[in-house]
Amino acid sequence: MNLDDAPAPACTICHGNLYENELGHQACRPCTERTDLNLRALAGPDGLYARLNRSLRPGSSSGGPVVSGSRTAPLPVRLEPLSLAARGGVVTILQTWLVDWFELLDFRYPRWQGDLQQQCDDVVHRLRVNLNWAAETHPAFAEFALEVAQLRRQCETATGGEKPPRRIGVQCPCGHTLRVTLDTAGVRCPACSTQYGHSEALQLPLAERRAA
């Protein structure tokens, strides 16, 4: 096999080609920065985790009164934000990743102090401190980045922060229509198996709308 024919190293998240100064990394700079933004969105007094606790009462995500046509009393708390805010949710998932990173770095096992909000802020801080190392070295960084992005979307949905991103149709050169969003990390065409990174997918031409 000719070395010139070897595939260029690609980001494990968006599958776009890595720049020369990113060679050997698991993720490109934009995907690493996007993961950092997702982590930052979770922490702090006005972050998504803090908003989860303010969204526990029924009707609190919309800000309007609770309306029910049932004679049964409503649940005292909303289950979706509760499952994310409680142990086993956002904080526990992030702590599990930090433990994994510390084991690979041969660091001392992290200790968790304070309430869950304080633990959330602490684990986000420590993950961000070691983020560049993980983006370069950790073999499961793509899984981590996608899980953090999913946690952010779940928290936004549970707190009424944002609607799901709108999907648009773009056309693969083979003729198949792909559905992507502005934050699509990458997409593979099921018809011809071509893999597109984030920027490549958004550069595809818009698919023509068919008449009803």
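So, H1 and H5: their axes come within 9 Å and cross at roughly 165°, where axes are lines fitted to C-alpha atoms, for helices over the stretch in contact, and angles run from 0 to 180 degrees between N-to-C directions. Helices here are DSSP runs (H or I, at least four residues), numbered from the N terminus. The two are therefore roughly antiparallel to each other, a label for angles over 145 degrees.

Who touches whom? On the H1 side we have Asp36, Leu39, Arg40 and Leu42, and on the H5 side Cys120, Val124, Leu127 and Arg128. Contact means heavy atoms within 4.5 Å. That contact splits into five nonpolar, no polar and three charged residues. Charged covers Asp, Glu, Lys and Arg; nonpolar is Ala, Val, Leu, Ile, Met, Phe, Trp, Tyr, Cys and Pro; the others, Gly among them, are polar.

Quick caveat: this is a predicted model, so local features need pLDDT of at least 70 and side-chain atom pairs 80 or more, while totals for chains, interfaces and linings use all residues. Residues are numbered from 1 along each chain as its sequence is written, and side-chain values use heavy atoms, leaving out hydrogens and water.

Next, H4 (residues 90-105) and H5 (residues 116-129): their axes come within 10 Å and cross at roughly 40°.

Terms used
Angles under 35 degrees count as roughly parallel, over 145 as roughly antiparallel, 65 to 115 as roughly perpendicular and the rest as oblique.
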